[in-house]
Amino acid sequence: MDENILHCDANNFYASVEMAKDPSLVGKNLAVCGDPEKRHGIILAKSEGAKRLGVKTGQTIREAKQYCPDLVLLPPDFSSYVKYSKALYSLYTSYTDRVESFGLDECWLDVSGSHKLFGSSEHIAEELRRRAREELGITISVGVSFTKVFAKLGSDYKKPDAQTVISHENYRNIAWPLPVEDILMVGAGSLAFFHSVGIRTIGDLAQADENLLSSRLGKMGSTLHAWANGLEDSPVKLYYETRKPESVGNGSTAEKDLTTREECARLITALSERVATRLRRHDTLACGVHLAVKSNAMTTRGKQMRVEVPTASATDIKNHALRLLDDLWKQGASLPVRALTVTAIYLIGADDYVPTSLFVDEITAGKNTRLEKSIDKIRDKYGYDVIRRGNLPKGTDEEADEETKPFKRQ
Ligand SMILES: [Mg+2]
């Protein structure tokens, strides 16, 4: 048996985390969504029960309530989703170091080197499901197969808390009858083409003329054809090669002690720019910000906050850090300041974040991130200092060469 690839997918992840955090929600129809007070909120995630009643991701709250009047609405809590995701990944990596992330709640495992210690692939899948359920209160479904594409189909095949083996013997019976859009990477464009030539199922795709596919879809046509036939040998990457940093921080000791809020704000602006640039380089968004302030008496105080809208914008990070600075002063931190460190925490992949509403705030945050992405491109080409905000101090900002945890630099 060479079904050594597992695809694990946490079921209704955001809603499940909310229930794991607060067991009184178990059994209720639940949705995670934008702020209902602002009326523009949309559904980001829903529980199994709500799903059965017709609640869908992307619906407005109003629509969802029509399907499910007793729907319990909760705002997203990304920092908790990051924490639970981390716990899931540490469970997975205790069985193999080949764990390739596909977002907060999905990944592939290659367990070909794990059988002596942990048993068959199916046994490992059972163990993972049991332990995720018992230790974290999260259910996962698992696909077990000989390719990544089929393993992913398998995790989707039966859920929640189920597992499906797609083997050399049964893939024609299990994978082939599924709609062709279930296969990874089939977007709206290729789907329209498939339908126009009568390809409706994965089996149709597998048996289609490869030349026809590649004449219209190029290399992707041949790739999809191969995937549908179970011909795929892309390896599951090593966890440490693909994981995103947990936090990104930048600290700097001022040349001269900072004696006013304005001087602190200028340094925070510079540090936030570096942090935001590196967040975007890693394709991540911060769900929290931490600020550490070291006084000239060498005492360090730190404070962190969660942000409402995940961001990779320097402007947003600076504004959050300034709020933290003011809070720290209220709590007794004092001038003059020797050093400051701004750290983006609770990071999620940019792809993991879907806007939860049509809030103006949220759109603005997206705009900041997009604007700053184009600045990154210019800096990649001509050097970091080619673009500087008018009021930045020169020569005092430094970039940490590795991902830093809060306080590591102190
Ligand atoms: Mg999932």
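User: At about what angle does helix H7 run to S7?

Analyst: This is a predicted model, with residues numbered from 1 along each chain as its sequence is written; local features need pLDDT of at least 70, side-chain atom pairs count only at pLDDT 80 or more, and totals for chains, interfaces and linings use all residues. Side-chain values use heavy atoms, leaving out hydrogens and water. Helices (H or I, at least four residues) and strands (E, at least two) are DSSP runs numbered from the N terminus; axes are lines fitted to C-alpha atoms, for helices over the stretch in contact (heavy atoms within 4.5 Å), and angles run from 0 to 180 degrees between N-to-C directions. Helix H7 (residues 148–157) lies across S1, S5, S6, S7 and S8, and its angle to S7 is about 145°.

User: To which strand does helix H4 run at about 10°?

Analyst: Helix H4 covers residues 78–92. H4 lies across S1, S5, S6 and strand S7 (140–145), and the strand to which it runs at about 10° is S6.

User: What is the strand order of the open sheet of five strands?

Analyst: Two strands pair if DSSP finds at least two bridges between them. Strands of a sheet pair through backbone hydrogen bonds, either parallel or antiparallel. In this open sheet the pairing is mixed, and the order is S5-S6-S1-S7-S8.

User: Which strands stand at the edges of that sheet, and by how much are neighbouring strands turned on average?

Analyst: S5 and strand S8 (163–166) each have a single partner strand, so one side of each has no neighbour in the sheet. These two are the edges. With direction ignored, neighbouring strands of this sheet are turned against each other on average by 20°.

User: Which residues of S3 and S4 stand opposite Ala31?

Analyst: S2 is joined to S4 by three bridges in parallel and to S3 by three bridges in antiparallel. From S2, Leu30 and Val32 point one way and Ala31 and Cys33 the other, and all are buried (under 20% relative accessible area; exposed is over 50%, partly exposed in between, with a 1.4 Å probe and protein chains only). The residue opposite Ala31 in S4 is Leu73, and the one in S3 is Lys46.

User: How many of the nine residues of helix H1 are buried?

Analyst: The buried residues of H1 are Phe13, Tyr14, Ala15, Ser16, Val17, Glu18 and Met19. They pack against S1, strand S2 (30–33), strand S3 (43–46), strand S4 (72–74) and H4. Helix H1 (residues 13–21) is mostly covered, its buried residues numbering seven.

User: Which residues coordinate the magnesium ion?

Analyst: Donors are N, O and S atoms within 2.8 Å of the metal (3.2 Å for Na, K and Ca); water is not among the atoms, so sites may look incomplete. Along the chain, the donors of the magnesium ion follow the spacing D-A-x94-D. At 2.1 to 2.4 Å, the coordinating residues are Asp9 (OD), Ala10 (O) and Asp105 (OD).

User: How many residues apart in sequence are the parts tied together by Ala10 and Asp105?

Analyst: Ala10 counts as buried, at 3% relative accessibility. Ala10 is in strand S1 (residues 5–10) and Asp105 is in the loop between strand S5 (99–101) and strand S6 (106–110), so the pair ties together parts whose separation in residues is 95.

User: Are H11 and H12 parallel or oblique to each other?

Analyst: The axes of helix H11 (residues 210–217) and helix H12 (residues 219–228) come within 6 Å and cross at roughly 140°. Angles under 35 degrees count as roughly parallel, over 145 as roughly antiparallel, 65 to 115 as roughly perpendicular and the rest as oblique. The two helices, H11 and H12, are therefore oblique.

User: What is the phi of Asn12?

Analyst: Asn12 lies in the loop between S1 and H1 and counts as buried at 17% relative accessibility. Although Asn12 is not a glycine, its phi is positive, at about 40°.
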